[in-house]
Amino acid sequence: MMTEKLSLTCDRLLSHRQLACCHSYCGLPVHGKEMLIYSNSDTALKPLLLTGHHGEVTAMTFGNGSRPVLLCSASADYIIVWDIEQCQQRAREGKVAAGTVIGTLLGEVVHLSFCFSDERVAACSGATVYVLSSKSHEVISTLTGHLGPLTSAEFCPWNQDILVTTSEDRTFKVWDLKTKAVCYQSFVLSASPLLSVFFLEENRHLITGSTDGQVWCFSLPADHKCHLVTKMDLHKMEKSHVMHRGNHHAGVTEKSAVDKVETSKPVLKMTFCSSSTDTSSDHKKDNSWLCIGSSDGLYVVDLATSELLTVLYFKDYPNLSITVAGSWSVSPGWNNSMVFLVSALFTPCVLLLELGLCDLRQIWTCGEGFSVFPSSPPVPESPLNADFKKKEPSHPKKKGGIKEQPLVFHSKVKSSGYTSAPRRIMFSPKTNTQKNPSSKRTTKDKGLLLRDYPADSPAPTIPHIDLSTGNKPIYCLQYSGDGKQVLCGLGDSSVFLYKSSLSGNPTVYTGHDKLVSSVSWSLNRQWWLSASEDRSLRIWTHGSPEPAIIMGNRMFSKPIRGAQFYYLDKFLLLASGPSLYLYLYNVDITHDDIKRYQQQSVVKLAKCFQMTSATDITALSAISDFFSYIVLVCGSDRSIQVFDMNKGTVASELPDAHSRAVHCVTQNKGSMFSTQAPDSYNLFLTSAVTDGVKIWDLRTLRCVRRYENHLNRCHPCSSAISPCGRFIASGSEDNCVYVYDIRSSSYLHKLQKHSNAVLSVAFNPATPELLTGTLDGKLRLFQSNSGARLSHDTSAAVQSVPSMTV
């Protein structure tokens, strides 16, 4: 996969020198003051020799343009820009190649970079960065402010007046070249110096890395106020990657772990793992894959999920002439490849390596995925075919004699009226007739049902109503399917039923002994269920303060962690301990006047499933709005198991889905007011303490993006997907709600000024509204500004993950 195209032995170490590499050429210093330029396409050609420096060359870099190809080199005496094609022409004519001196006596330059138009050059010398003109001897700007020596400086690709510098003082600065002032200065990121910086133009992000293997991704909006999007650690990601490989190659992993010695993983260079030549639909350009050149090899990271996809270690390629790298220079190559110019750390050796991107994409392969939509009817032995046994009607034996017959042909006979008072007015005409107000209400309600959810509406961010339910935490929220009512499960063991407008007093349902952990509406909205930590489940109906069904009395050995209606309300689905229960039920609200406390409703166990790892279930999710065989179950062992209820087995298991146990799993269920692409319903969210929110795709059984701007350290903060499938809302312990664009890891809106940690969030299925519940019992309703357009921040979220693109 990684091939060696050129190996050069130098007269001195070049381990910490910036070498030059571009699409067509690569360059390195020789004999201290001279430089050799090789052709990447044909390394056998005689290299171009460039002379002109009087001091030792310390940094080199190529420009971004393809014609002319510019090279900038720096020493303590000069900074020179070379036109490679002109220098080659002069060499063919027997003349000495010459360049343009753009800087003189600027000190020891450790890093050079061109702007994207190749008109300016940034040179890092000590704690100062010089911005020079690439065409004349002119210092445009001299920027100072870092407390330590600079390590890198890069121009922003979408705004060439923005320059970002990193330093050994462990911070980065964002400079405005027009005002020559600092727009943003980061906090101290690490205990080790920052080495490199890289830009993601599609998402408007910048990435920086340190000498101890830490990688930070920040958003860079128009106001230049950077926000941390994600943080990664190469050491931790490598260990997790080895553990996942160990599940398939246990023996090999144990053997390698014994001989393994932990080494430093400096982030020497970063670039995209992308191709400009492969534009087929099967190999779409993936802009979330980041290649990180380190001392022991090349790390390929998925930025969207903060996961390590693969590592190409030098030691795994015995034909390479390098074992430990000191510096990297990266560029796209020919024929869907990338080229790397790497210097050895301990030997005077430089290698030109080539990596095929097609081979790299084949590393990350997944098994057969699933779909929430069934592809075939249930098999005959499926648990979903369970049903109540039908009672055969009892027919009494016929006896002789005359059969009793009714005296009249009608079932009801009109009263004669003898017992009623006599009528004194026989007729009075209606002279002030008015339209029936109920007809207006019916028409209005009918119009509401037919109104579609606005697909292009911005996220609900405008505070509308604040309401207090008491000082008890709000652990769960759920809207009814028509969006007219909402259930609130509280920490004082009660359930509040509100109108969606939160107007009027709520209907209170009591009976549980501990906090209510989950609530669920039926599709017909005539009844709903509540499950509690007291190991009981209750089904309630409209107009009755008493539950129609009570499931308790030590039926379950452990608290119920999740409960809901399932399979178009045919079943009750609930989890307790390591068991997943599937119940048939029949709600009967009739009561015998003599035995009024005797429950007429019926509940019957259809099937009981066990987690494969015998671990306790912490969360579950299934879709009841349409027929679906898939049930998602999360365990305390940090795994996610996919149950196929048609076959009654665990279809797949995702181990170590989070660093902590998942406390919330949410599927993209849409609503009856919105229409999404069918594949969008295969997405689901999981939330875990200290590990953010992840979005997964059932089609690939992979995490496709991660959201971790919110704070979640100890409380079970939930998350939700909007009915249009475009936004994600997550509660947070910093008294805020974070609203994400589903296509970007950075948040769109931060809804502040909640009274306490936000535990629960829920989108209204009928209209763009967001309801939040806090730890101290406060409800807050947010509405969307229908006249406004999407926030400007959405420009940073235009890149979709390929596996999520539908």
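K265 counts as buried, at 3% relative accessibility. Buried here means under 20% relative accessible area, exposed means over 50%, and partly exposed is in between, with a 1.4 Å probe and protein chains only. K265 forms a salt bridge with D296, and the closest N and O atoms are 3.0 Å apart. K265 lies in the loop between α3 (250-259) and β22 (269-272), and D296 in the loop between β23 (289-293) and β24 (297-302), so the pair ties together parts that are 31 residues apart in sequence. D296 counts as buried too, at 14% relative accessibility. A salt bridge, for this talk, is a side-chain nitrogen of Lys or Arg within 4 Å of a carboxyl oxygen of Asp or Glu.

A word on what you are looking at. This is a predicted model, in which local features need pLDDT of at least 70 and side-chain atom pairs count only at pLDDT 80 or more, while totals for chains, interfaces and linings use all residues. Residues are numbered from 1 along each chain as its sequence is written, and side-chain values use heavy atoms, with hydrogens and water left out.

Now the whole chain. The protein chain has 5 helices and 56 strands. Helices (H or I, at least four residues) and strands (E, at least two) are DSSP runs, numbered from the N terminus. Of the 806 residues of the protein chain, 53% count as buried. Among contacts with a separation of 6 or more, 53% are between residues 24 or more positions apart; a contact means heavy atoms within 4.5 Å. The accessible surface of the protein chain is about 38400 Å², and carbon and sulfur atoms hold 51% of that. Those areas come from the Shrake-Rupley method with a 1.4 Å probe, and for residues only the protein chains shown count as cover.

Back to salt bridges. How many are there by this rule? The count is 22. One of them joins the side chains of R780 and D466, at 3.0 Å from N to O. R780 lies in strand β56 (residues 778-783) and D466 in strand β29 (residues 462-468), so this pair ties together parts that are 314 residues apart in sequence. Which of the two partners is buried and which is exposed? R780 is buried, with a relative accessible area of 11%, and D466 is exposed at 55%.

Another salt bridge pairs E85 with R67, at 3.7 Å from N to O. E85 is in helix α1 and R67 is in the loop between β6 (59-62) and β7 (70-74), 18 residues apart. E85 counts as partly exposed at 29% relative accessibility, and R67 is exposed at 69%.

Helix α1 covers residues 84-92, and at its start a side-chain oxygen of D83 reaches to within 3.3 Å of the backbone nitrogen of E85. Just after α1, G94 takes a positive phi of about 80 degrees.

Next, two serines. S745 is in the loop between β52 (737-741) and β53 (747-751). S745 is buried, with a relative accessible area of 6%. The side chain of S745 makes a polar contact of 3.2 Å with the side chain of R705. A polar contact is a pair of N or O atoms within 3.5 Å; within protein, one must be able to donate a hydrogen and the other to accept it, and residues adjacent in sequence count only if both atoms are side-chain atoms. The S745 side chain also reaches the backbone oxygen of R706, at 3.1 Å. Leaving out residues up to four places away in sequence, S745 touches several residues, including V229, A304 and Y740.

The other serine is S141, in strand β13 (residues 139-144). S141 is buried at 3% relative accessible area. With the sequence neighbours up to four places away left out, S141 touches V129, Y130, V131, L177 and K180.

Last, a strand pair. Strand β42 (residues 617-622) has 5 of its 6 residues buried. β42 pairs with strand β43 (residues 630-635) in the antiparallel sense, over 5 bridges; two strands pair if DSSP finds at least two bridges between them. Within that pairing, S621 stands opposite L632 in β43.
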